[in-house]
Amino acid sequence: MEEIYEHIFRCISSAKAESERPVVEAGSGSGELAEYLANHGLEVIAIDPWNQERVERISTGSVRYIRSRAEEMPLDDEIAGAIVSLRSLHHMDPEKALREFHRVLATGGRLCIADWIYGTDTGIPERYFRPEEIERMLVSSNFTSIKRPNSPDPEIMLWSARKEK
């Protein structure tokens, strides 16, 4: 998983160099990625509806935990310099979440998604996406510069996109 974290960090680094805005992790789960990003000098807002323990503790350092669904984040418009989602888009209403990501992301900001690819057997019956589905949803949510870089894990697909307007 460390290689995926490194890829996400590189993906958002260029956007963060242009912005002092925080990174939002949508669907933060255990908070491991949020902590990794914070340990690399980034301010992080971690959003997750189920992570009660982390939400109830006092947020320290560069991570602020908020209990919320990614589809309706209690954040201002264009607050984030980057948004990341690690193995969680399949838990969301993806089209609604991507529209919300576009609202919260600042102009010029970057979106980085890493999620299970369709056909992956994780032992949990979930709805995973085909690459063309993700690309279609990103386009319909007004993201640009959409790229699908090679993944170090064959079961995880990576995506990056920008908000231009």
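Analyst: A definition is needed at the outset: two strands pair if DSSP finds at least two bridges between them. Strands of a sheet pair through backbone hydrogen bonds, either parallel or antiparallel. The model here is predicted. In this model, 7 strands form an open sheet with mixed pairing, in the order 3-2-1-4-5-7-6.

User: Which are the edge strands?

Analyst: They are strand 3 (63-67) and strand 6 (144-147), each of which pairs on one side only. From one strand to the next, the twist averages 15 degrees.

User: In which sense do strand 6 and strand 7 pair, and over how many bridges?

Analyst: Strand 6 pairs with strand 7 (residues 156-162) in the antiparallel sense, over 2 bridges. The bridge partner of T144 is R162 in strand 7, and that of K147 is S160.

User: How many bridges join strand 5 and strand 7?

Analyst: These two strands are joined by 7 bridges, in the antiparallel sense. Within strand 7, W159 stands opposite I113.

User: How should I read the two faces of a strand?

Analyst: In a regular strand the side chains alternate between the two faces of the sheet. For strand 7, I156, L158, S160 and R162 lie on one side, while M157, W159 and A161 lie on the other. Both faces are covered, and 7 of the 7 residues in strand 7 are buried.

User: Which strands does helix 5 touch?

Analyst: Helix 5 (residues 131-140) packs on the sheet and touches strand 5, strand 6 and strand 7. The direction of helix 5 makes about 15 degrees with that of strand 7. Helix 4 (residues 94-104) lies across strand 1 (23-26), strand 4 (80-86) and strand 5 (105-116). Relative to strand 5, helix 4 runs at about 145 degrees.

User: Which residues touch the most other members of the largest nonpolar core?

Analyst: That core has 28 residues, and those touching the most other members are V24, L75, I83, F101, L111, I134 and L138. Elements giving two or more residues to the core include strand 2 (44-48), helix 5 and strand 7. The largest share, 4 residues, comes from helix 4.

User: With which residues is I134 in contact, leaving aside its neighbours within four places in sequence?

Analyst: I134 is in contact with L89, F129, M157 and W159. There is also a second, separate core of 25 residues, which includes C11, L37, Y128 and L158.

Definitions and conventions. Residues are numbered from 1 along each chain as its sequence is written. This is a predicted model: local features need pLDDT of at least 70, side-chain atom pairs count only at pLDDT 80 or more; totals for chains, interfaces and linings use all residues. Side-chain values use heavy atoms; hydrogens and water are left out. Axes are lines fitted to C-alpha atoms, for helices over the stretch in contact, and angles run from 0 to 180 degrees between N-to-C directions. Contact means heavy atoms within 4.5 Å. A nonpolar core is a set of buried Ala, Val, Leu, Ile, Met, Phe, Trp, Tyr and Cys residues joined through side-chain atoms within 4.5 Å. Buried means under 20% relative accessible area, exposed over 50%, partly exposed in between (1.4 Å probe, protein chains only).
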